[in-house]
Amino acid sequence: TRFCHSATITPMAKLKLMLVDDHAVVRGGFKVLLQTWDDVDVVAEANSGEEALALYTLHRPEVVVMDIAMAGMGGIEATKRLLALDPQVRILALSAHEDSSYAKRALQAGALGYLSKRTAPEVLIDALRMVARHQRFIDPIIAQRMANQRNESDSQYIDKLSPREFEVFLMLAKGRSVLDISQALGLSASTVGTHLYKVKLKLQLSNQSEITLLAMRHGLLDEPAT
């Protein structure tokens with residue numbers, strides 16, 4: 001006698017992700033990597049913080065993988081705005097930088113996790129699964145640096161910068177002019193000038209060259225200043 005089972009096996013629900021990075025090649029690489037796991041589904045890709053806000057509303061991903069250093073709004077501000085839009089959003093911040101300043105600001109903005117883009121694939125999937133469960137995950141190397149830098153005076157000075165001042169500080173370190181920065185951030189030149197004054201005051205620096213040197217010393221630049 002043959003026994004027929006009419007019950008069907010329900011496939012396990014996939015973890016829905018949105019990738020946010022202003023480099024298409026980087027997004028493509030992560031997408032290929034993530035698609036090697038059966039329980040992950042990339043439902044949306046955004047090339048800016050602004051696009052991420054629009055696509056989140058459409059796709060409602062469970063986890064947002066957010067690049068921190070992007071032109072325009074930037075990953076820190078996009079993280080804050082996504083959380084204002086949906087307090088339950090889970091964000092895993094990614095950066096090419098392994099300095100603790102980025103990690104601290106991403107976590108302060110509300111990201112649940114922070115990873116270096118050079119992290120091994122198996123660590124990335126562990127981080128995604130933990131963040132999906134509303135658990136915090138920090139790249140072990142970065143976590144160690146955060147601990148080591150607690151007593152460094154430079155780091156303490158950098159931590160005193162407001163999010164906007166930190167953004168201006170990074171752009172100045174890359175050799176951007178006040179006019180360039182005002183156009184990129186949508187601020188008046190006088191407002192950027194005020195931020196520049198506060199950055200110099202808080203960091204005890206006198207010119208743009210010293211700003212660049214400080215950023216280089218902390219590994220905050222991913223490209224040479226122009």
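## Ground rules

Residues are numbered from 1 along each chain as its sequence is written, and side-chain values use heavy atoms, with hydrogens and water left out. Because the model is predicted, local features need pLDDT of at least 70 and side-chain atom pairs count only at pLDDT 80 or more, while totals for chains, interfaces and linings use all residues.

## The chain as a whole

The chain has eleven helices and six strands (DSSP runs numbered from the N terminus: H or I of at least four residues for helices, E of at least two for strands). Of its 226 residues, 46% are buried, meaning under 20% relative accessible area, with exposed over 50% and partly exposed in between (1.4 Å probe, protein chains only).

The accessible surface comes to about 11800 Å², and carbon and sulfur atoms supply 54% of that (Shrake-Rupley method with a 1.4 Å probe; for residues, only the protein chains shown count as cover). Among contacts (heavy atoms within 4.5 Å) with a separation of 6 or more, 65% join residues 24 or more positions apart.

## Helices 2 and 3

Helix 2 (residues 49–59) packs with helix 3 (residues 75–85) at an angle of about 20°, their axes 9 Å apart. Axes here are lines fitted to C-alpha atoms, for helices over the stretch in contact, and angles run from 0 to 180 degrees between N-to-C directions. The two helices are therefore roughly parallel (under 35 degrees; over 145 is roughly antiparallel, 65 to 115 roughly perpendicular and the rest oblique).

From helix 2, Gly49, Ala52, Leu53, Tyr56 and Thr57 meet Ala78, Arg81, Leu82 and Leu85 of helix 3.

## Val64 in strand 3

Val64 belongs to strand 3 (residues 63–67) and is buried, at 0% relative accessibility. Beyond its neighbours within four places in sequence, Val64 has contacts that include Tyr56 and Leu82, two residues that also take part in the meeting of helix 2 and helix 3. Other partners of Val64 include Met18, Val20 and Ile91.

## Helices 8 and 11, and Thr212

Helix 8 (residues 163–173) and helix 11 pack at about 100°, with axes 8 Å apart, so they are roughly perpendicular to each other. Phe169, Leu172 and Ala173 in helix 8 meet residues of helix 11 including Ile211, Thr212 and Leu214.

Thr212 sits in helix 11 (residues 208–217) and is buried, with a relative accessible area of 12%. A polar atom of the Thr212 side chain lies 2.9 Å from the backbone oxygen of Ala173.

Terms used
A polar contact is a pair of N or O atoms within 3.5 Å; within protein, one must be able to donate a hydrogen and the other to accept it, and residues adjacent in sequence count only if both atoms are side-chain atoms.
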